[in-house]
Amino acid sequence: MGKKILMIVGDFGEDYETMVPFQALQMVGHEVDTVCPDKSAGQTVKTAIHDFRGDQTYLEERGHNFEVNATFDEIDPAEYDALVVPGGRAPEYLRTYEEVLDTVRHFFDEGKPVAAVCHGPQILAAAGVLDGYEMTAYPAVRAEVEAAGCSWVDEVTVDKNLVTAQAWPDHPEWLAKFLELLGTEITETEVATADD
């Protein structure tokens, strides 16, 4: 049975950290609702593509328009089994919305699976839910999440209900760990080709 997953997105969230989990989770049978404060279903957010090219920090370029498929003001967090919080620049302002923080708190209060990538943990830190956790994030966010009470780990990490990753290059590992946390089993099957 597929799970119902909520993903909180915003303008200039990281493109790969939004698009890839959204599509991958649907591919294995989960329902993913994407929401953004002040946006309604059918509206879009602009994404940003962050690349690592040997500079002191990442390079940012304009990404895609990503369609929000649910309206934030109309969702009930209690109806969802899990939460995904992508990174990019969106978390720095999404964390200023009390309704976003309340939504995040629901998932932690109920012990539901949460995945946060890159700068996504900025929202978790603002929600005050990280105390006592072991986690990772984009390295530039380390001081912020440690100040929120967690222990830093320099790799994809699972602690209780929380899966964290540093950036989109971690997708294969954190998505696999998140699927385990969701109880999703992917079985190997033989694929027939036209030559068979």
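This is a predicted model: local features need pLDDT of at least 70, side-chain atom pairs count only at pLDDT 80 or more; totals for chains, interfaces and linings use all residues.
**View 1. Thr-34 touches Met-7, Val-9, Phe-22, Phe-66, Glu-67, Val-68, Asn-69 and Ala-70, leaving out residues up to four places away in sequence.** Thr-34 sits in strand S3, which covers residues 31-35. With a relative accessible area of 0%, Thr-34 is buried.

**View 2. Phe-66, one of the contacts of Thr-34, belongs to strand S5 (residues 59-67).** Phe-66 counts as buried, at 4% relative accessibility. Beyond four places in sequence, Phe-66 touches Val-9, Thr-18, Met-19, Phe-22, Thr-34, Gln-43, Thr-44, Val-45 and Thr-47. Take a moment for the pair Phe-66 and Val-9: 57 residues separate them in sequence, and their C-alpha atoms are 9.1 Å apart in space.

**View 3. Helix H1 runs through residues 15-27.** Its 13 residues reach 18 Å from the first C-alpha to the last, close to the 18 Å expected at 1.5 Å a residue. At the start of H1, a side-chain oxygen of Glu-14 comes to within 2.6 Å of the backbone nitrogen of Tyr-16. After the helix comes Gly-29, with a positive phi near 105 degrees. Which residues of H1 are buried? They are Asp-15, Glu-17, Thr-18, Pro-21, Phe-22 and Leu-25. Two of these, Thr-18 and Phe-22, are also among the contacts of Phe-66. As a reminder for reading such a list, an α-helix has 3.6 residues a turn, so residues three or four places apart point the same way.

**View 4. Leu-130 is among the residues that touch the most other members of the largest nonpolar core.** This core holds 56 residues, and Val-104, Leu-124, Trp-174 and Phe-178 are listed alongside Leu-130 for touching the most other members. Setting aside neighbours within four places in sequence, Leu-130 is in contact with Pro-121, Leu-124, Ala-125, Met-135, Val-145, Ala-148, Gly-149, Cys-150 and Leu-162. In soluble globular proteins, nonpolar side chains tend to be buried together.

**View 5. Cys-36 and Cys-118 are shown with their closest cysteine sulfurs.** How many disulfides does a search of the whole structure find? The search finds 0. For Cys-36, the closest cysteine sulfur is in Cys-118, and a bond is ruled out because the sulfurs are 17 Å apart. For Cys-118, the closest is in Cys-150, at 15 Å, which is again too far for a bond. Both cysteines are tucked away from the surface by the numbers: Cys-36 is buried at 4% relative accessibility, and Cys-118 is buried with a relative accessible area of 6%.

Notes:
Residues are numbered from 1 along each chain as its sequence is written. Side-chain values use heavy atoms; hydrogens and water are left out. Helices (H or I, at least four residues) and strands (E, at least two) are DSSP runs, numbered from the N terminus. The expected span of a helix is 1.5 Å times one less than its number of residues. Buried means under 20% relative accessible area, exposed over 50%, partly exposed in between (1.4 Å probe, protein chains only). A polar contact is a pair of N or O atoms within 3.5 Å; within protein, one must be able to donate a hydrogen and the other to accept it, and residues adjacent in sequence count only if both atoms are side-chain atoms. Contact means heavy atoms within 4.5 Å. A nonpolar core is a set of buried Ala, Val, Leu, Ile, Met, Phe, Trp, Tyr and Cys residues joined through side-chain atoms within 4.5 Å. A disulfide is a pair of cysteine sulfur atoms within 2.5 Å.
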